[in-house]
Amino acid sequence: MLTFRPRSLDSIPVSFAGVTPDAMVAKTTSQIERVLLWQGNRQLPLAELFDISGDPSDEVWQLEGDFSSVHHLAAGMKRGELQLAGSAGRHAGESMTGGKLVIQGDAGDYLGAEMRGGRIEVTGSAGDHAGAALVGSKVGMRGGEILIGGSAGTHAAAGMRRGWVTIVGDCGPWAGYRMRAGSLFVFGHCGPRPGAGMRRGTIALLGPAPTLLPTFAYACQLCPQVIHLMLRELAAQGVEQATGQSGDMALHNGDLLEGGRGELFLAQPVR
Amino acid sequence: MPQLIKIAGGTVYDPANGIDGEVRDIWFRGGTIVEPPGDQSAKPDRTIDGSGLVVMPGGVDMHCHIAGPKVNVARKLRCDERRSPEAVLARGRGTRSGSLGSVPSTFATAYKYAGLGYTAAFDAAVPPLGARQAHQELADTPSIDKGFYVLVGNNHYLMEQIAKGEPQQVEAYLAWLLTSTKAYAPKLVNPGGVETWKQRGAGHSTGLDDQVPHFRITPRQIIGGITRAANALGLPHPAHIHCNQLGMPGNWRTTLETMQAVEGQRAHLTHIQFHSYGGGDGEEATLDSQVAPLADYINSHPNLSVDVGQVMFGNTTSMTGDGPLGYYLRNIYGDRWYSADTECEAGCGVMPIEYKNKNLVHALQWAIGLEWYLQVDNPWQVVMSTDHPNGGSFLAYPEIIRLLMDRTYRRDIIATCPAGLRQRTELADMDREYTLGEIAIITRAGPARLLGLASKGHLGPGADADITVYTPSDNQAEMFELPRLVFKGGELLVEQGEIRTAVVGQTLHVAPHYDTDRLVDLPDWFNERYSIHFENFAIAET
């Protein structure tokens, strides 16, 4: 295991792009210390910003401290594990294709954006665009799982095509905006306009739901087995809120402007 | 006195002066080519050894999109192309930073053109109201000489005057518009069709004899009226026409009718590849090539010329003054889309587009473009273009040159395309290969002549010292990708890909004479309809 502790971080953003456990596995610790990182508009050897110790060969990294000005943590990671005891900056786990990112703290915007595989767990809250598409992209997350223990901002899972995003806390507006497939679960309060422009995919709102857009039509009351199984899986992962759910949901179809093949399940009646 | 410079012993291709691969010296002083001194003992201040190298005039791109509102919209729309570090052009000694992608930033566009050996480029579609922005962007496009064509094919005042049968009024207004916007030529985009779509919000396909609602006029009358006026004004490049029904299966008949509608006058039909499709009823599956009958017409009508609008496989951005075309493409590709209605003047559509060699329609578009180069007999009537960035980036020109000069390579690429291609185009059976002299015509001498640029596109005495020197190679794409030396106005711009200096290029425009008395009512007409005041419209001389 390789351990990182911040040395001299301030508010100037540092990019960790390309510096992942799998990409650095063949390097020695002293080689990793010499890897150049961008801080603002200049490049510095990693060792000037972080103290590192340990052995990178098992592809497990432990980061300790406040990394909220460090962006692109685990971005593009293919395998291995990156654990952070502290908060992360923007674009953590962006375009990940495998491995595991655990953040015991909060994450910034674009957490797991355009992710293709692997798993991200955040104990705190995430910013806007979690699991979403980057600006200018057609599709967002294409695989993998994101579990956010706290709340998430706007546009969670926007443009999602495959994968599973779970938000245990509250969720901002535009959740699942222009979704094409995949699953989004929200246990807390969900902000306005969930599923706007969605073509396919599944959104399950297990907490208080907002008034739906008029382009979502009530279909029926049902207890879908797959939701049941997914809740059981979340309970097994330690999501307490997933236990005690009846799984009995009101299905709405939408967005009717985009063909209406998306599913929006509500566990509680619309306020 | 400025330095006298000689490029000694290069193999010169200067088709405008009948020089096709002769070993010669080129002399220039102070930005202009001069006669070699009669006195054999005369010494230049500087001699550049050109032996073993190919010398041509600087390239001239007569149809691209590099400035104005639609280009800037595209830059914002394609933020996705600017994320990777490779898309960033770092600041150099004497050069500014920029970003690349299919729609590079202004300075980056200039450096890339210069790096390719091009010394002049013309933006092909600026609405009159966008002229000010276009000039500001062109002022930030150094290294090359440039200009733009102003959109006139759906202009309310022109349509009213043509419908009234007032040809002299049309002439005066056209001259005023070119002068006020400081444009180089008039451009018709889907004449009448954009206006029809703007009024009705549906219907992409306006034929030459369909009535434009409210104006009681047909596209045929608009084409005839404006082409007549432009020729009567003696403009250097009278009419630059983007035909109706771009991209529609079966549109070749409309294109042929457009060629006939100019009634023997000088006219240029642009990105002709997009207008040469057989098939019918909006059925993409029936698409085939109808280059042969159209090229026959061009071959027998020296008043006409075309540029190709070659499609290249890859990801690019479509941008057009043809609003209904934007809507049509949006419905096919479903990607993000920008549309605009420019008051009494024009439309606009911008969206990302990807051409794939495994897609039969895209492969056919690629093949139809190449057919055009190979089927027009006289290279002076056909000009290289990708309609940058619509069919692909101008950076693809070296690749197109290789496709034209090397039929084995051409057939290798055809082999990667869907098998259905063979039934719909004869490209695989075409043996013609371009010579270097012919390439020099379709990339510089031809477009310069069609634009009436007397001092460009050739290396005779009096011409601008815009000179590109290439290192010959069996792989023509490599040869044209990386010129050995590029001079603009006698200044060394680029040396083997390294930018040496970025001189300020000129923005070229016309100022034809016209009868100002004819337009006394124009200010009132204008002020009733436009969102800006007439007094604020014209661009002042600087």
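Modeller: Two residues are in contact if their C-beta atoms, placed from the backbone, lie within 7 Å. The structure is a predicted model, in which local features need pLDDT of at least 70, side-chain atom pairs count only at pLDDT 80 or more, and totals for chains, interfaces and linings use all residues. Residues are numbered from 1 along each chain as its sequence is written, while chains are lettered from A and ligands numbered from 1 in the order in which they are written.

Biologist: Is A:Asp255 buried or exposed?

Modeller: A:Asp255 sits in the loop between β16 (249-254) and β17 (262-266) of chain A; strands (E, at least two residues) and helices (H or I, at least four) are DSSP runs, numbered from the N terminus. A residue is buried if 20 or more other C-beta atoms lie within 10 Å of its own, exposed if 12 or fewer, and partly exposed in between, with C-beta atoms placed from the backbone. Because A:Asp255 has 25 C-beta neighbours inside 10 Å, it counts as buried.

Biologist: Which residues is A:Asp255 in contact with, leaving aside its neighbours within four places in sequence?

Modeller: Two of the contacts lie in the stretch named A:Gly260 and A:Gly262.

Biologist: Which residue stands opposite A:Gln62 in β8(A)?

Modeller: Strands β6 (residues 60-64) and β8 (residues 81-85) of chain A run parallel and are joined by 5 bridges; two strands pair if DSSP finds at least two bridges between them. In β8(A), the residue opposite A:Gln62 is A:Gln83.

Biologist: What is the bridge partner of A:Leu84 in β9(A)?

Modeller: β8(A) also pairs in the parallel sense with strand β9 (residues 100-104) of chain A, over 5 bridges. The partner of A:Leu84 in β9(A) is A:Ile103.

Biologist: Which elements of chain B do the buried residues of α6(B) pack against?

Modeller: Helix α6 of chain B spans residues 193-200, and its buried residues are B:Gly193, B:Val194, B:Glu195, B:Thr196 and B:Trp197. They pack against β11 (185-189), α7 (219-232), α10 (323-333) and β19 (346-355).

Biologist: At roughly what angle do the axes of α5(B) and α7(B) cross?

Modeller: Two packed helices are described by the angle between their axes and the distance between the axes. Axes are lines fitted to C-alpha atoms, for helices over the stretch in contact, and angles run from 0 to 180 degrees between N-to-C directions. The axes of α5 (residues 167-181) and α7 of chain B come within 9 Å, and their crossing angle is roughly 65°.
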